[in-house]
Amino acid sequence: VTNVGGLPKMVEDRKTGIIIPPCDEVVLSQSMDELLSNPSIIQDMVKNIRQSAEEGKNSWKEIAYKYENVYELID
């Protein structure tokens with residue numbers, strides 16, 4: 001993902017994905033080359049993503065809970 005908006009908050013860099021600067025095609029290309037050259041990195045990321053999902057991270061329930069907390073702080 002690019003380091004813009006909320007996506008970087010959902011991705012752990014180099015654990016569940018790769019966060020790159022926006023509009024930086026050089027870093028994007030290097031990151032893609034790294035992943036394609038090292039399938040074990042992809043396998044590790046898939047394992048980490050699955051574990052994160054099983055723990056309920058970034059689930060709709062968790063997202064709703066976070067929004068609810070924000071609204072309560074505002075109120």
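In the predicted model, Arg14 has a relative accessibility of 46% and therefore counts as partly exposed. The side chain of Arg14 forms a salt bridge with Glu34, with 2.9 Å between the closest N and O atoms. This pair links distant parts of the chain, since Arg14 lies in the loop between α1 (7-10) and α2 (25-37), whereas Glu34 belongs to helix α2, 20 residues apart. Glu34 is likewise partly exposed, at a relative accessible area of 27%.

In total, three salt bridges are present in the structure. Another of them joins the side chains of Glu12 and Lys15, at an N to O distance of 3.9 Å; the cut-off for such a contact is 4 Å. Glu12 is partly exposed at 35% relative accessibility, and Lys15 is partly exposed at 36%.

A further salt bridge is found between Glu62 and Lys66, with an N to O distance of 3.0 Å. Both residues are located in helix α4, four residues apart, which corresponds to about one turn of the helix. Glu62, at 25% relative accessibility, counts as partly exposed, as does Lys66, with a relative accessible area of 45%.

Helix α4 comprises residues 60-74 and also contains Val70. Together with Tyr67, Tyr71 and Ile74, Val70 makes a nonpolar surface patch of about 470 Å². The relative accessible area of Val70 is 41%, so this residue is classed as partly exposed; residues of such a patch must have over 30% relative accessible area.

How values were computed. Residues are numbered from 1 along each chain as its sequence is written. This is a predicted model: local features need pLDDT of at least 70, side-chain atom pairs count only at pLDDT 80 or more; totals for chains, interfaces and linings use all residues. Side-chain values use heavy atoms; hydrogens and water are left out. Patches are made of residues with over 30% relative accessible area and no salt bridge: like charges are joined within 9 Å, nonpolar side chains (Val, Leu, Ile, Met, Phe, Trp, Tyr) within 5 Å. Accessible areas come from the Shrake-Rupley method with a 1.4 Å probe; for residues, only the protein chains shown count as cover. Helices (H or I, at least four residues) and strands (E, at least two) are DSSP runs, numbered from the N terminus. Buried means under 20% relative accessible area, exposed over 50%, partly exposed in between (1.4 Å probe, protein chains only).
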